[in-house]
Amino acid sequence: MLRPHLSDRKLAAVARWAAERMARVKNPVLSERLLGVAGHRIQDPRTKADVLMDAAEARFDLGYVPRHLTQACAAELACADEHHKAGRRSAAAASAARALILSFHRVAHLDGLTSPLAADPARFTAPLRRSRALRALRAPRGRRTPAAVPPDGRPTRLLFVHGGNDNFLPVILKRYRSHPDLEVRVLNTAQDASTAPLAKGLGRMIASGLGARNDYAEQTEAALRPQLDWADVVFVEWCTAAAAFLTLVDPGTTRVVVRLHSFEAFSYWPHLVDFSRVDDLVFVSEHLRDLAVETLPHLRESGAPALHVLNNAVELTDFALPKSADARFTLGLVGAGQVAKDPRWALEVLRILRQSDKRYRLHLVGGGLNATSSPALHRYHQAFTAELDPLVAEGAVRVLGHTDDVPGALADVGTVLSTSVREGWPLSIMEGAASGAVPVVRDWPFFAGKAHGARSLFPSDWVVATPAEAAQRILTVNESQETWLGAGREASEHAISAWDWQSVCTAFDQLLLPRTPAIPGQRAVRTSAE
């Protein structure tokens with residue numbers, strides 16, 4: 001296709017022509033082939049990275065995953081490695097940051113129904129594992145002294161850290177703030193006057209981790225040292241910027257616990273965390289633990305943190321309300337504001353059901369898709385709206401929007417759906433099941449067929465593979481009022497016994513309070529840890 005003796009300048013010109021065309025057309029097959037050949041033959045690392053990165057960014061701007069995404073990231077990381085070898089730490093950090101931002105672009109992992117990371121974690125992260133600069137970033141910096149048991153004679157001090165999202169903390173904080181033998185503080189790194197200017201900026205965090213000489217490391221130490229010196233145990237909520245920021249500093253004798261929920265596994269932040277300074281890494285489900293270990297193989301190495309699987313902290317008993325008269329034939333989908341929730345799957349289930357019985361309808365609860373977020377999301381929103389509008393017009397779907405009374409909304413729902421392509425710990429299904437709605441859970445494609453996923457988190461009869469299977473489960477359970485009520489009652493009992501905070505809190509006590517007796521009067525935990 002291209003003559004082998006073409007200079008880098010001419011090859012780059014061909015590649016840039018291909019990239020410009022890729023930015024204008026939906027299926028640029030020829031252009032992508034030209035780009036791949038030219039990018040492979042360009043010898044100068046900086047030229048190769050520029051043309052491949054520019055082309056990839058152009059495809060992302062159109063809302064498509066670039067065919068040469070991994071090749072582009074590898075080319076940019078080669079530049080980072082050259083800089084690192086030459087001792088140019090800041091330049092190495094800038095190239096590494098650019099590569100990570102491209103690798104974990106939201107169009108590739110969040111705004112579509114597939115993800116190259118989920119499809120093949122080892123292949124997708126191979127350039128990250130090979131990179132000299134990123135290996136240096138991952139090198140354990142450790143701590144001078146091991147974590148210590150809190151001293152006797154004073155309350156145990158718990159510091160909860162987050163970067164602006166504390167949605168899953170209130171129940172935990174309520175428990176420990178009321179404990180007479182504990183002192184509790186909360187640090188929001190995005191709002192605290194000392195940390196807010198520092199706890200952001202991917203490039204400078206990488207530069208600091210690589211040992212670049214600037215004032216940032218000293219400023220970070222000064223901002224975090226008083227907090228770390230005060231605390232006996234730090235619990236970092238979400239494995240995102242706050243976790244990467246906090247592990248830039250030696251925690252001293254303070255024990256550090258980090259919790260990873262779901263989307264972080266599809267982001268670059270875990271690749272910046274110094275896990276040699278983390279004592280315990282908590283996952284909300286086994287399938288996310290498995291994915292994280294595949295993506296971050298150093299979690300299997302000596303000196304890695306202990307890995308735990310703990311259910312989320314939620315109170316479910318308030319959801320067990322009487323069902324309304326119309327609930328039996330009402331499906332509910334709570335929270336469809338992301339493409340990953342795939343609400344079109346719910347519409348297909350509804351259409352199949354209504355072929356048998358026109359009484360079936362669907363309630364959409366929660367905020368909708370933000371069609372302006374990205375071109376990929378906009379395309380999905382257009383397709384979803386085209387299917388939704390006729391169903392709304394005939395009274396088959398009600399769009400309820402956001403509500404502060406989720407238990408009240410679920411009282412009108414007889415079947416609760418999880419239609420997502422990926423989930424970590426789907427709160428809406430736990431709440432819906434606790435309400436007595438019959439759960440129907442799609443076998444999330446990101447994890448289907450693997451050792452753990454929807455089928456290991458939920459009872460097997462809750463999980464289905466296709467909309468047709470979902471419809472059949474609903475029809476079977478709904479054969480009579482009695483069978484529907486019985487299935488809902490069983491689901492509620494299972495949800496509350498397995499996932500309500502009163503069944504989970506003991507595991508948190510065991511994790512966070514090494515010498516403090518558990519608060520009395522709590523039921524045994526049903527969660528796994530290893």
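Q: Before we look at the strands, what does it take for two strands to pair?
A: Two strands pair if DSSP finds at least two bridges between them; in this predicted model, strand β7 (residues 330-334) and β8 meet that with five bridges, and they pair in the parallel sense.

Q: OK, and which residue of β8 does L331 stand opposite?
A: L331 stands opposite L362 in β8, and the chain gets from β7 to β8 through helix α15 (residues 343-356), in a β-α-β crossover that is right-handed.

Q: What about the pairing of β8 with β9, how many bridges are there?
A: Strand β9 (residues 397-401) is joined to β8 by four bridges, and the two run parallel; here L362 stands opposite V397 in β9, while β8, helix α16 (residues 375-393) and β9 make up a right-handed β-α-β unit.

Q: Switching to helices: how do α3 and α5 cross, and at what angle?
A: The axes of helix α3 (residues 45-61) and helix α5 (residues 89-103) come within 11 Å and cross at roughly 30 degrees; since angles under 35 degrees count as roughly parallel, α3 and α5 are therefore roughly parallel to each other.

Q: And which hand does that crossing have, and which residues make the contact?
A: The crossing of α3 and α5 is left-handed, and the contact is made by R46, D50, M53, D54, A56, E57 and F60 from α3, together with S95, R98, A99 and L102 from α5.

Terms used
Residues are numbered from 1 along each chain as its sequence is written. This is a predicted model: local features need pLDDT of at least 70, side-chain atom pairs count only at pLDDT 80 or more; totals for chains, interfaces and linings use all residues. Side-chain values use heavy atoms; hydrogens and water are left out. A crossover is right-handed if, with the strands pointing away from the viewer, the path from the first strand over the helix to the second runs clockwise. Axes are lines fitted to C-alpha atoms, for helices over the stretch in contact, and angles run from 0 to 180 degrees between N-to-C directions. Angles under 35 degrees count as roughly parallel, over 145 as roughly antiparallel, 65 to 115 as roughly perpendicular and the rest as oblique. A crossing is left-handed if the near helix is turned anticlockwise from the far one by less than a right angle, and right-handed if clockwise. Contact means heavy atoms within 4.5 Å.
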